[in-house]
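Here's a quick tour of one protein model. Have a look at the picture first, then work through the notes below.

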Amino acid sequence: MLDSIWKSIEFQQDTETPSWEEFHENSKTGHFDKALTNEQVLAEMANLYESFPYENYKSIPLPDTFAPIDNSLLESVLNRKTPAEMAPSTITLEQWRTILHFGYGETRDNKDNEYISRPFRTVPSGGALYPLELYFFSNGFIEGLEPGLYHYSPAQNAVQLIRPGDHRKVIGESLVSFQSHIADQLSAIIFITGVFNRSIFKYRNKGYRFVMIEAGHVAQNINLAATGMNLGVINIGGYHDRMMDQFLEIDGLNHSTIYLNGICAGNS
Ligand SMILES: Cc1cc2nc3c(=O)[nH]c(=O)nc-3n(C[C@H](O)[C@H](O)[C@H](O)COP(=O)(O)O)c2cc1C
């Protein structure tokens, strides 16, 4: 009996093309794909947010200065690791600004650039379209930021308090069960989300791949900033997508959680 169930599962796997394979094939750039003109791209971008405004929420300015980064780039690359033991520790607002700015901060405004309508950031982006948003939960360990869910505004160098409160329970429940406890062990958790249409309107299915790739760029910068300042960092893909999207109050289809970076005490 058991044997035949396994056989039927095996049979299905043999005959059905896995959806990842179909997606990969369908997202390849073809020689005959029609590209949008730069005018069409700029017209489309005029209808898209550079970053969600969260206008009616309390906005807290971040420092203009960066925190000292004690470790060299070489040391940070060589020493980055997932901490074996995690505990929250105090993070200064300057350190937090440094982590967010490394992740997705603006570097050049492009005001005189007629071809590019967005400021450039610390990370590259296909077509300079910047499809990502950063949210984070402060667990009360970031100086000057009460516990709560926040959104990062790169253009304003500020964060908006979306929902004050201790959200560790719902975040823990949204992580896969073997790691629910992590929610209690972190000073803060960054949620990298993707607003797919910002990239897909131009690159179609390949744009979806770009959104994922770009989240990796952001995450690695966050990893290096945190490690450089002797903080711990854990990267998390093991979460229940629908629950996490619900927590962030994003629709999960046009805008969905891609990746989490938890920040904790270093040297553990
Ligand atoms: C896409 C991705 C998802 C991950 N998800 C988790 C996770 O959910 N929980 C966890 O403890 N570690 C997670 N990790 C961390 C890996 O387990 C870890 O990087 C790997 O074991 C190598 O160890 P190192 O980070 O110390 O070099 C993830 C890493 C990546 C790149």
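In which helix is R204 found? R204 sits in helix α8; helices here are DSSP runs of H or I with at least four residues, strands are DSSP runs of E with at least two, and both are numbered from the N terminus. Before going on, keep in mind that this is a predicted model, where local features need pLDDT of at least 70, side-chain atom pairs count only at pLDDT 80 or more, and totals for chains, interfaces and linings use all residues. Residue numbers start from 1 along each chain, following its sequence as written.

**The overall picture**

- The protein chain has nine helices and nine strands.
- Its C-alpha atoms fill a box of roughly 60 × 55 × 40 Å, taken along the principal axes.
- Of the 268 residues, 36% count as buried. Buried means that 20 or more other C-beta atoms lie within 10 Å of the residue's own, exposed means 12 or fewer, and partly exposed is in between, with C-beta atoms placed from the backbone.
- Two residues are in contact if their C-beta atoms, placed from the backbone, lie within 7 Å. Looking at contacts with a separation of 6 or more, 73% are between residues 24 or more positions apart.

**The nonpolar core**

- In soluble globular proteins, nonpolar side chains tend to be buried together.
- A nonpolar core here is a set of buried Ala, Val, Leu, Ile, Met, Phe, Trp, Tyr and Cys residues joined through C-beta atoms within 7 Å.
- The largest one has 58 residues, and F136 and I192 have the most contacts inside it. Helix α8 (residues 197–228) gives this core its largest share, ten residues.
- Leaving out residues up to four places away in sequence, F136 touches Y150, Y152, A188, I189, I190 and F191.

**Helix α5**

- Helix α5 covers residues 93–104, which is twelve residues. From first C-alpha to last it reaches 16 Å, close to the 16 Å expected at 1.5 Å a residue (the expected span being 1.5 Å times one less than the number of residues).
- Ten of the twelve residues of α5 are buried, so the helix is largely enclosed by the rest of the structure. Among them are W96, I99, L100 and F102.
- The buried residues of α5 pack against β3 (120–121), β4 (132–138), β5 (148–153), α8 and β9 (255–265).

**Around the ligand**

- Which residues are around the ligand? They are K81, T82, Q179, I234, N235, I236, G237 and G238; a residue counts as near if its C-beta atom, placed from the backbone, lies within 6 Å.
- That shell divides into two nonpolar, five polar and one charged. For this sorting, Ala, Val, Leu, Ile, Met, Phe, Trp, Tyr, Cys and Pro count as nonpolar, Asp, Glu, Lys and Arg as charged, and the others, Gly among them, as polar.

**Two residues with positive phi**

- N110 has a positive phi of about 60° although it is not a glycine. You'll find N110 in the loop between β2 (106–108) and β3, and N110 counts as partly exposed because it has 15 C-beta neighbours inside 10 Å.
- R204, back in helix α8, also isn't a glycine, and its phi is positive, near 50°. With 14 C-beta neighbours inside 10 Å, R204 counts as partly exposed.

**A few buried residues to look up**

- R168 lies in helix α6 (residues 168–174) and counts as buried, with 20 C-beta neighbours inside 10 Å. Not counting residues up to four places away in sequence, R168 touches N139, A183 and D184.
- N139 lies in the loop between β4 and β5 and is buried, with 25 other C-beta atoms within 10 Å. The C-alpha atoms of N139 and R204 are separated by 38 Å, and the two are 65 residues apart along the chain.
- A215 belongs to helix α8 and is buried, with 20 C-beta neighbours inside 10 Å. A215 and L132 are 83 residues apart along the chain, with 7.2 Å between their C-alpha atoms.
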